[in-house]
Amino acid sequence: MYVAVKGGERAIDNSRLLLAEERRGDPAVPELTLAQIDQQLSLAVDRVMTEGSLYDRELAALAVKQAQGDLIEAIFLLRAYRTTLPRFGYAEPLETAAMHLRRRISATYKDLPGGQVLGPTFDYTLRLLDFDLAENGATPEAEMAEEPLAGAMPRVADILGHGGLIEPETPQDDRPVGDVTRDPMTFPADRDARLQALARGDEGFLLSLGYSTQRGYGKNHPFAGEIRLGEVAVEFVPEELGFPIEIGEITITECQMINQFQGSTTEPAKFTRGYGLTFGHCERKAMAMALVDRSLRAQELGEEPKAPAQDQEFVLYHADNVEASGFTQHLKLPHYVDFQAELVMVRRMRETAANNATPGDDFEEAAD
Amino acid sequence: MTGTLLAGLADPTLDSQRLFRAALEALSRPGRIVTLPDTLPDGPPAPLMPATAALALALFDYETPVWLDEVANTPAVCDWLRFHCGCPLVTDKAAADFAIIAGALPDLSDFPVGSDAFPDRSATLLVQVAGLEAGGDLRLSGPGIDGDISITIKGLPDTLPTLWEANQSLFPCGLDLLLTAGSMLLGLPRTTRIDRRKE
Amino acid sequence: MSTQLPTQIPTGGYNFAYLDEQTKRMIRRAILKAVAIPGYQVPFGSREMPLPYGWGTGGIQVTAAIIGPEDTLKVIDQGADDTTNAVNIRSFFQKTTGVATTEKTREASLIQTRHRIPETALSEGQIMVYQVPIPEPLRWLEPREGETRKMHGLAEYGVMQVKLYEDIAHYGHISTAYDYPVRVNGRYIMSPSPIPKFDNPKMDNSPALQLFGAGREKRIYAIPPYTSVKSLDFEDHPFEIETWDGACAICGATDSYLDEIVTDDTGGRIFVCSDTDYCGERVEAGHKGADDEEKAA
């Protein structure tokens, strides 16, 4: 007699144990500490915090460790934790003009107040594998500058703004800023919801979409107006105090893209903006986000949306890698009931076709 | 805050769950009179009935603007709702997700009924009535009801079937009602038809 | 507002049923609206769950919002209680609520399911919770949410009729075998979730309350008890369900949905009930499959 397959529970338990063993690897090799991940895989931690929507280096490092370095899995772990946290309110908008900069570059001006500050970047490294690093060679020390960087540096977009050369950035109205983790998106989506979805969006997806706009699928002539990296204060207004207090400092990367100008007979020409913001140092993500933010503004700027990167529903519904990863991988779940339904259907269709076919037709032979 | 505040749910997690299930039962089986569990150690703030107050605690929070009619709008009720639910109390019916009606039925046309695209963006009204009884001259039918069911609602105007027909004609838009009497609850979703039984 | 944990419930550091109380209230309000507008998809603030999207997060959130200590929970995937995903979800609720679980359809007050409706008729006290991957029945015909929302708003369902008609013209049948669209209470066209169309008739006028959760797509919808649920069809091409020539090899059932089991690589196959509880109940009652009868003969 046929006996149905059983034992799901044990199989799952065993699989978990195997996974834990594999995560640890060879026990003769020293185990990674969270501090090591935080310090030496810091860009992985930054990405996980950004797309995980939670600023906590230690938890992000734990997620990276637990996910065996699979960053999308780590982002998922952090999100699933984030969702259980009670929220006690919303912070004040970050004042990025007042941030303590470690890097600040502009591609639109040769020099500007505060200057170009290269800071730590892969940009000018030769991509040669460093075999000294493989042997844990000594790290060369960076020299201390003679004088500290200016405390606050004006943002390039503000400089342009003074002359009216770029569109002003103003809140859409006085309603509270939306939160896509609380209210599902509706379309057309407002810019606050779009920016939040992009900030949480998958770096790879946004990178390719941003790239597509550069190749002509929704071109909008971007210039990297400014990219800045540094620390900024987070302020919060407790109800009982009624005034803002500083609750901490976070590292962020901000990108202001300056895009294709617009004008008409009634309105003088001015540049338009695309904006990118990430936790930590995620420069590629911030730039890609700014490109896609600008392309998603097509409709509000009177451009006819034609390219994928200009299609709000297409971009925003598919940018989230936790959603995309889950649904792609759910194909691993059993679907045999549905498959059986299709089998019955296909067999029946073939029977019908065979019955209708003239003798000698291939169908007859094929049907069973 | 005036005087001492009456307590909220004895067990916020499990009491909320039980109360919600009762509300779900009432709304998915219109005409069935559901008795709510006793969850308020100090009783409700007057003039709220136990069922009204308990449902408020189970369903309202900072995301749900609430409108109170003149009778319900007392300092004790307002303080109690603000403290336990954290819900904004609004004076504009059109801004309300929920309403508590403890007096005569007000003009219902100002409450949001949703739109064709989003019919869920409509108000749910908690209406206190003088009594609810199985059997009687009102015959309900529609989704959730096996055939039809007769009930008596005491303290609502005789014009209820006509009023309700106007609400029904808006479908998929419309208002949903939770009628309370003491600890009893009766759901009237927008899909329910109400006829006066002909003798 | 204070939230305290009941002391007697094992929750592993999380709230009862994992979700925080505010999230539960938000989901509960969405469920009440869903019940009031049968078949309409209510948008809700779906949360990230500790299981991946596409693996039942919508159903899990609905169950977590309604489950209580008095409930008895049954979880099935493909009709079976012991498939890995069903095991995983059941153990999630055991850990976070401590409620009683069962494999018996009759004993359950709450049944969370993926892809099947039990063969045993449901009763008044029961709530079905369906896991839904794509809640929008028109999505395959129109990918844009803005457009499908308009179609539902105006009950403008011509595209669906055209699609089904084209099927008939092309294949001689409506070619949808699962997730076969239904019309609820004569108004909304609704996805029944990817159940085989065999199960569609069980939704019609059911004494149980049926709730649907789509986590990734952030939608909840419902069919109240005793509500008309009609599978779309045409007068000259009426809706019909799958039939099998054989019977279940284990219990001999001819009225249940059968899964095909491949027994060798030369085309040998047998059929067994997809609903393991139904099959087991029949075996207990003395029914036998063809296998056993052959042996006995």
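Predicted model: local features only at pLDDT ≥ 70, side-chain atom pairs only at ≥ 80, totals over all residues.

User: Which helices of chain B supply at least two residues each to the side that touches chain C?

Analyst: α1 (12–28), α2 (50–59) and α3 (75–85) of chain B each do that. α1(B) gives the most, with 12 residues.

User: And by class, what does that side look like?

Analyst: The side of chain B that touches chain C has 24 nonpolar, 11 polar and 12 charged residues.

User: How many salt bridges are there across the interface of chain B and chain C?

Analyst: The rule finds 8 salt bridges there. One pair to look at is Arg32(B) with Glu124(C), whose side chains meet in a salt bridge at 2.7 Å, N to O.

User: What about area, how much is buried between chain B and chain C?

Analyst: About 3,800 Å², with carbon and sulfur atoms giving 58% of that. On chain B's side, Thr13(B), Phe20(B) and Arg29(B) supply 15% of the area buried against chain C, more than any other three residues. As for contacts, 47 residues of chain B are in contact with 48 residues of chain C.

User: Switching to chain A. What does the domain assignment give?

Analyst: Domain 1 (11–82) and domain 2 (96–120 + 149–168 + 184–319). Their C-alpha centres lie 29 Å apart. The area buried between domain 1 and domain 2 of chain A is about 1,100 Å², of which carbon and sulfur atoms give 51%.

User: Which residues of domain 1 lose the most area to domain 2?

Analyst: Thr50(A), Glu51(A) and Tyr55(A), which together make up 51% of what the domain 1 side buries.

User: How many salt bridges are counted between the two domains of chain A?

Analyst: The count is 1 salt bridge. Arg47(A) forms a salt bridge with Asp202(A), with the closest N and O atoms 3.0 Å apart. Among the elements on the domain 1 side, α3 (42–52) and α5 (71–82) of chain A give two or more residues each, and α3(A) gives the most, with 6 residues.

User: What else does Arg47(A) pair with?

Analyst: Its side chain also meets that of Glu51(A) in a salt bridge (2.9 Å, N to O). Arg47(A) and Glu51(A) both lie in helix α3 of chain A, 4 residues apart, about one turn of the helix.

User: Why does Arg47(A) count as buried?

Analyst: Because its relative accessible area is 17%, and buried means under 20%. Glu51(A) counts as buried too, at 0%.

User: Is the Asp13(A) and Arg16(A) pair buried or partly exposed?

Analyst: Partly exposed: Asp13(A) has a relative accessible area of 39% and Arg16(A) has 40%. The closest N and O atoms of their salt bridge are 3.8 Å apart. Asp13(A) and Arg16(A) both lie in helix α1 (residues 8–24) of chain A, 3 residues apart.

User: Last topic, chain B again. Where do Asp195(B) and Arg139(B) sit?

Analyst: They form a salt bridge, with the closest N and O atoms 3.9 Å apart. The pair links distant parts of the chain, with Asp195(B) in strand β10 (residues 193–196) and Arg139(B) in strand β6 (residues 131–141), 56 residues apart. Asp195(B) is partly exposed at 33% relative accessibility, and Arg139(B) is partly exposed at 29%.

Notes:
Residues numbered from 1 in each chain as written. Chains lettered and ligands numbered in written order. Heavy atoms only, no water. Contact = heavy atoms within 4.5 Å. Buried area = accessible area lost by both parts, 1.4 Å probe. Salt bridge = Lys/Arg side-chain N within 4 Å of Asp/Glu carboxyl O. Nonpolar A, V, L, I, M, F, W, Y, C, P; charged D, E, K, R; others polar. Domains from an automatic or database assignment. Buried < 20%, exposed > 50% of the residue type's maximum accessible area, 1.4 Å probe, protein only.
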